[in-house]
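Try each task before reading its solution.

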Amino acid sequence: MRSWWQHRHQPNIRFLHFDTLTHDLPAQIQKIADFLDIPLSPEHHQLILAHCHFDYMKNHAHRYVPETVSLWKDGGRAFFHHGKSGGWKATLPKALSEKYQAIARAELGDECANWLLTGEI
């Protein structure tokens, strides 16, 4: 993250945050197409949207993460856990979460650590 963060303002770099994608996938698909300067018809937009939904990706995990098939009991499907971020909040003790955030801020700086946490710059 540190190596790419310094390039975030370059015109050919686009950061995508999982939370942003999951909260408004249709708009994010359009923003990505605009960034790449690719015309996107309504039909193609809908097709991309269908293929980017969590359930579709989990059910076709072998296409997206083929190298993981042999790593987990459920193969590539295990890679797609539940399609939401922030699960660590209920799993990690508060002290460990706070320690992680402190290390992230120390290693990456406040702005980058905040982006990792929230997707906001």
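Helices here are DSSP runs of H or I with at least four residues, numbered from the N terminus. The model is predicted.

**Exercise 1. Find where Asp37 lies, and decide whether Asp37 is buried or exposed.**

Step 1. Locate the flanking helices. Asp37 sits in the loop between α3 (25-35) and α4 (42-52).

Step 2. Check the cover. The relative accessible area of Asp37 is 69%. Exposed means over 50%, so Asp37 is exposed.

Step 3. Look at the backbone. Most residues other than glycine have a negative phi. The phi of Asp37 is positive, near 60°.

**Exercise 2. Describe how helix α8 and helix α9 cross.**

Step 1. Set the limits. Helix α8 covers residues 94-108, and helix α9 covers residues 110-118.

Step 2. Take distance and angle. The two axes come within 7 Å and cross at roughly 135°.

Step 3. Classify the angle. Over 145 degrees would count as roughly antiparallel, and 65 to 115 as roughly perpendicular. The pair α8 and α9 is therefore oblique.

Step 4. The crossing of α8 and α9 is right-handed.

Step 5. List the contacts. From α8 come Tyr100, Gln101, Ala104, Arg105 and Leu108; they meet Asp110, Cys112, Ala113, Leu116 and Leu117 of α9. Seven of these contact residues are nonpolar, one is polar and two are charged.

**Exercise 3. State how many helices and strands the protein chain has, and what share of its residues is buried.**

Step 1. Count the elements. The chain has nine helices and zero strands.

Step 2. Take the buried share. Of the 121 residues, 22% are buried.

How values were computed:
Residues numbered from 1 in each chain as written. Predicted model: local features only at pLDDT ≥ 70, side-chain atom pairs only at ≥ 80, totals over all residues. Heavy atoms only, no water. Axes fitted to C-alpha atoms, helices over the stretch in contact; angles between N-to-C directions. Helix = DSSP H or I, 4+ residues; strand = E, 2+ residues; numbered from the N terminus. Parallel < 35°, antiparallel > 145°, perpendicular 65-115°, else oblique. Left-handed = near helix turned anticlockwise from the far one by under 90°. Contact = heavy atoms within 4.5 Å. Nonpolar A, V, L, I, M, F, W, Y, C, P; charged D, E, K, R; others polar. Buried < 20%, exposed > 50% of the residue type's maximum accessible area, 1.4 Å probe, protein only.
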